[in-house]
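Work through these exercises with the model open. Try each task before you read its solution.

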Amino acid sequence: MTSDQQIIEGCAKHDRKSQQLLYDKYSRFLLGVCLRYASDKAEAEDILQDSFLKIFFNIKDYSGTGSFIGWLRKVTVNTAITNYHKNLKYRYHIEIEEFVSVETGVESFEEDFFTADELYKVLNGLPAGYRMVFNLYAVEGYKHKEIAKMLGIDTNTSKSQYSRAKAVIRDKLEKLGKLKNRYSEDNN
Amino acid sequence: MKGKVENKMLRDIFRQKLESAEVIPSPEAGVNLMRLVGRWEFLRFNPSRFNIWYAGGIAVAGAALAIILASPVHKKNISGLLNTNTSEDISSKKSDEIQSSGKYFELEAQSPLKEAGRIAKKTARTNTVASAEKAQLAMPGSSIVPAGQIASISGKDIFKGGNPVTDNLRSQSLVTENIASASVTEGCAPLKVSFRNKVVNYDSCRWTFGDGGTSSEKNPKWLFDIPGEYIVTLSVFGTGNLHSSSSLTVVVHAVPKARFESSPENAILPNDEISFHNYSSDAVKYRWDFGDGSSSELFEPMHSYKKSGRYNLKLIVSTEFGCSDSVIVKNAFSGSDNYIEFPNAFIPNLNGPSTGYYSPKSDEASQVFHPVSSTVSDYQLRIFSRNGILIFESNDINIGWDGYYKGNLCDPGVYIWKVRGNYLNGEPFTKMGDVTLLKN
């Protein structure tokens, strides 16, 4: 198996074989990142494609000091943000139920109760703005200040979007949880 | 604190499950990407990969450049040759083609041998070649005959019959500069335009209006109801599919929409100041007519009427292109004709009972419980204490309750009132309510 170092050097020389290797090695992980930022798999694959183009043509920018996978992920997240801005004009409306939903949950969830697939579904169903902020804050671990800068919004907007996103997610997870419980009861 | 713990949980669930989750991309995604990369790589110039493709690309680019550079020279040649042929009306490429095809037939008829030699040129035939040949042939014949005429006469036998002279006339009339005209070319939607085909002699014509509509009438009328810029094209067809076309542009401006509401909903004139809420769209200028002789050009004006009554309201909005719309509300505030309304609290004068007479402007007005009303003819107001004791009665609308009962100021609290009566038009009214007597 070719090491990351060899692949990177190959890609820097625009070697097609290295590019293919890079894709084969990391596309699944990066699509996992993209899918968190997209409303469906097709959109995620679009982001993935743009990300790989950026990766291939800017691989010289990778300093070689940090983790390579971290760099790949950063490029992908940035591409997702660009994609979000590009599509922003189509997404200006937010469903009223989602907007006014109240923080109801006191329930906490068991860690392994939900599958990754279900969590993806929940994220895909969020309004784009909520999805961006939630991903960047909760999963990527950026601070609200950084998120505000990245998305070109106010820090407070980022905070409030995050708390609303949380409420919506919790609501969705609760519903899903009930559904799953009922399903397992029926089965028993 | 509880919320904090829970947040972390929600966050952790997502982070643990999704941070390094893998999703298998569809196979096409990879193929498409590599294809795209290939294209980008190809476009990226790399001297180390200089190969036959780059060489080919340069060759193609060079050839294209040569053609571009050569074309003005070609044109000059053509016009020079045409002038020597005393042809007047030939400006369009089309007519050149007509002639060259005519020329072609002529050659066929007159000198088949010569033609055979030229047949190789058929594929690469240019206007220059045809015109040059024409020049040669026109000279020995007669130098006065226009080239166009040579074409049609000599092509007579091969063209399906027809009078060569009229054919020639037609082909000349078909190349007139501007053959289409319109009654208007700019206006507000819906815009009705009458088009005119100025060509006199032709077989058929076709108008395309740029909005998907077409017509084969000579002088069609067309209604453009969606704002926009439309390119209207007239194509005229003569014999043998020769045609000429000309275009004109029709600009249709959007029409604004006038809409407004006034508040309060059941305004009482003249007491209430009326606010106008403007819901018009696409407009830049507004003109309000309040129906009492005054007007405003503000976006959302306020207006006070001096008298109660019915007013016709009118709003005219217009765009920067002068397209306008208006809305008229007739007999606005008609609800204000018959009314009687009571306040829900008052503060009596502590210095002693009054006559109960009040005039709207005096201080007494707020110290006496009384209605505001219009067109009331008969009237009876009775006020009860909470025990049900009648403490005041008035049959005169100008006399209200001063808050005293038998010379003593009543206790602060809630009192019940009931009013009965008729408006001037005979319509009866009965109302009940309560009023709070306040003391300060």
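**Exercise 1.** Which residues in α2(A) meet which residues in α3(A)?

*Solution.* The model is predicted: local features need pLDDT of at least 70, side-chain atom pairs count only at pLDDT 80 or more, and totals for chains, interfaces and linings use all residues. Residues are numbered from 1 along each chain as its sequence is written, while chains are lettered from A and ligands numbered from 1 in the order in which they are written.

Step 1. List the α2(A) side: Q19(A), Y23(A), S27(A), L30(A), L31(A), C34(A), L35(A) and Y37(A). Contact requires C-beta atoms, placed from the backbone, within 7 Å.

Step 2. List the α3(A) side: K41(A), A44(A), E45(A), I47(A), L48(A), S51(A), F52(A) and F56(A).

Step 3. Sort the residues of this contact between α2(A) and α3(A): eleven are nonpolar, three polar and two charged. Here Ala, Val, Leu, Ile, Met, Phe, Trp, Tyr, Cys and Pro count as nonpolar, Asp, Glu, Lys and Arg as charged, and the others, Gly among them, as polar.

**Exercise 2.** Describe how α2(A) packs on α3(A).

*Solution.* Step 1. Locate the helices, which are DSSP runs of H or I with at least four residues, numbered from the N terminus. α2 of chain A covers residues 16-37, and α3 of chain A covers residues 41-57.

Step 2. Take the geometry. The angle is about 135 degrees, and the axes are 9 Å apart. Axes are lines fitted to C-alpha atoms over the stretch in contact, and angles run from 0 to 180 degrees between N-to-C directions.

Step 3. Classify. α2(A) is therefore oblique to α3(A). Under 35 degrees is roughly parallel, over 145 roughly antiparallel, 65 to 115 roughly perpendicular, and the rest oblique.

**Exercise 3.** Find what chain A brings to its contact with chain B.

*Solution.* Step 1. Count: 28 residues come from chain A and 28 residues from chain B.

Step 2. Name the elements of chain A that give two or more residues: α2, α3, α6 (116-124), α7 (128-139) and α9 (155-187). α2(A) gives the most, with ten residues.

Step 3. Sort the chain A side: 15 nonpolar, seven polar and six charged.

**Exercise 4.** Trace the open sheet of five strands in chain B.

*Solution.* Step 1. Read the order: β2-β8-β7-β4-β5 (chain B), with mixed pairing. Strands are DSSP runs of E with at least two residues, and two strands pair if DSSP finds at least two bridges between them.

Step 2. Find the edges. β2 (186-188) and β5 (214-215) of chain B each have a single partner strand, so one side of each lacks a neighbour in the sheet.

Step 3. Check one pair. β2(B) runs parallel to β8(B) (residues 243-253) over three bridges. C188(B) stands opposite H253(B) there.

Notes:
Two residues are in contact if their C-beta atoms, placed from the backbone, lie within 7 Å.
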